[in-house]
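Please examine the sequence and the three-dimensional model shown below. The explanation that accompanies them is intended to be read with both in view.

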Amino acid sequence: MFRHVEIGEIERAKNALPHYFAVLKGDEQPNFYHARRVEVSFSRDSPLEELWQAHEEGIEKLHDNEISEKPGQSLLDLKILIARRLLERCILCEMKCGINRRKQKGYCRVDRSRIASAFLHLGEEPELIPSYTIFFSGCNFRCVFCQNWDISQQSTGGVYAPGEISMEIAVAHMQGAKNVNFVGGEPTPHIPFILEVLRHLRVPIPVIWNSNMYMSEEAMKLLDGVVDVYLADFKWGNNRDALKYSKAPRYWETVTRNFLLAREHYRAEFLIRHLVMPGHLECCTEPILRWISENLGRDVRVNVMFQYRPEYRAGGYPEIARRLTHEEMEEAVRLVREFGLKNALIG
Ligand code: SF4
């Protein structure tokens, strides 16, 4: 996604992402630093409902900035314990398979977390690069045009200890990485592993959650106080297209719910990506940009992208087996203006 960076582009990003830029400058700490310093009290053998109750109390403390220097048990420790429990009947995403991920793979094709690759990515938005991007394998979607299908639709890559990955992130930070960018596939099935990585991580690097936003409400709670920026794919403006092209039921209500939940998360910010699809301006681009403007505000950072290419199985769907036309790009630009999205990146 290399593109010419216009003068003022970083200024627009700064307007939309003040916390992220404050972490880069060293004026604020990443959110997981705080989740690690909120004291909570729990017993490892307690039933899940009691753990959630302790979690709620911890989240209240976090939002009230009740931070301890050296907590015996931290909110992050508790999140890890709950996440591990959820794996036993996995409901981390809205697919809610309910299977024991310690014994078998879910619909996402994930049992243990596998990493297909990790490197300093220079192809993301200008405010993110260089971004230390960790590609996990597996995905809860089946997008017929997936560009990363070899990662997302297969269980591939290496199994690592969380401490090894936190070391790699620290090295990348020293080499100039502005953030750690958890992606896939989809990062949601890997929440237990990622939380463990953050427990070990000792460098103040912002956490980017590069996701399709199809998390369950439980997963959203676990991400509160951990994610600094939701780098969120907002793909479909209606459930019919989401089911047809991504095999994602109840897409619209799930994703919009999660955006509204994330809006309330501790110091979390958004960078929302919308990939404009051929023939889907009226049914997808328009309702998505309208919803963002009306619900998240006109200052939110949005990247309206024109780089769709018919890959993977898109050839089986003649209506999306082409690139965008010039007129479609112009219409997308018009919609960004119509909905007054001031900090949008287009093209
Ligand atoms: S992450 Fe979602 S798709 Fe994967 S096992 Fe859990 S509920 Fe199923």
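The paragraphs that follow treat the sheet, its central strands, the core, and some details of helices and loops.

The structure is a predicted model, in which local features require a pLDDT of at least 70, side-chain atom pairs count only at pLDDT 80 or more, and totals for chains, interfaces and linings use all residues. Residues are numbered from 1 along each chain as its sequence is written.

Eight strands make up an open sheet of mixed pairing, arranged in the order β1-β2-β3-β4-β5-β6-β7-β8. Strands β1 (115-121) and β8 (344-346) are the edge strands, each pairing on one side only. From one strand to the next, the twist averages 15°; the axes behind such angles are lines fitted to C-alpha atoms, for helices over the stretch in contact, and the angles run from 0 to 180 degrees between N-to-C directions. Two strands are said to pair if DSSP finds at least two bridges between them.

Within this sheet, strand β2 (residues 131-136) pairs with β3 in the parallel sense over five bridges, and Ile134 stands opposite Phe182 in β3. Strand β3 (residues 179-183) in turn pairs with β4 in the parallel sense, over three bridges. Here Phe182 stands opposite Trp209 in β4, and Asn181 stands opposite Ile208 in β4. Strand β4 is also joined by four bridges to strand β5 (residues 229-233), and these two run parallel; the bridge partner of Ser211 in β5 is Ala232. From β4 the chain passes through helix α9 (residues 217-223) to β5 in a right-handed β-α-β crossover. A right-handed β-α-β unit is likewise made by β3, helix α8 (residues 191-200) and β4. A crossover is termed right-handed if, with the strands pointing away from the viewer, the path from the first strand over the helix to the second runs clockwise. Further along the sheet, strand β6 (residues 269-275) and strand β7 (residues 301-305) pair in the parallel sense over five bridges, with Met305 in β7 as the bridge partner of Leu275.

Strand β3 is mostly covered, five of its five residues being buried.

The nonpolar core is considered next. Such a core is a set of buried Ala, Val, Leu, Ile, Met, Phe, Trp, Tyr and Cys residues joined through C-beta atoms within 7 Å. The largest has 102 residues, and those with the most contacts inside it are Val180 and Tyr230. Helix α5 (residues 75-88) gives the most to this core, with eight residues. Two residues are in contact if their C-beta atoms, placed from the backbone, lie within 7 Å. Neighbours within four places in sequence aside, Tyr230 is in contact with Trp209, Ala262, Ala268 and Phe270.

Pro192 is found in helix α8. Pro192 is buried, with 22 other C-beta atoms within 10 Å. Leaving aside neighbours within four places in sequence, its contacts are Ile80, Ala83, Arg84 and Leu87.

Some backbone details remain. Most residues other than glycine have a negative phi, and most peptide bonds are trans. The peptide bond from Ile129 to Pro130 is cis, with omega near -5°, and Pro130 lies in the loop between β1 and β2. Another cis peptide bond joins Gly184 and Gly185, with omega about 20°. Asn65, in the loop between α4 (48-63) and α5, has a positive phi near 55°.

Key:
Buried ≥ 20, exposed ≤ 12 C-beta atoms within 10 Å, placed from the backbone.
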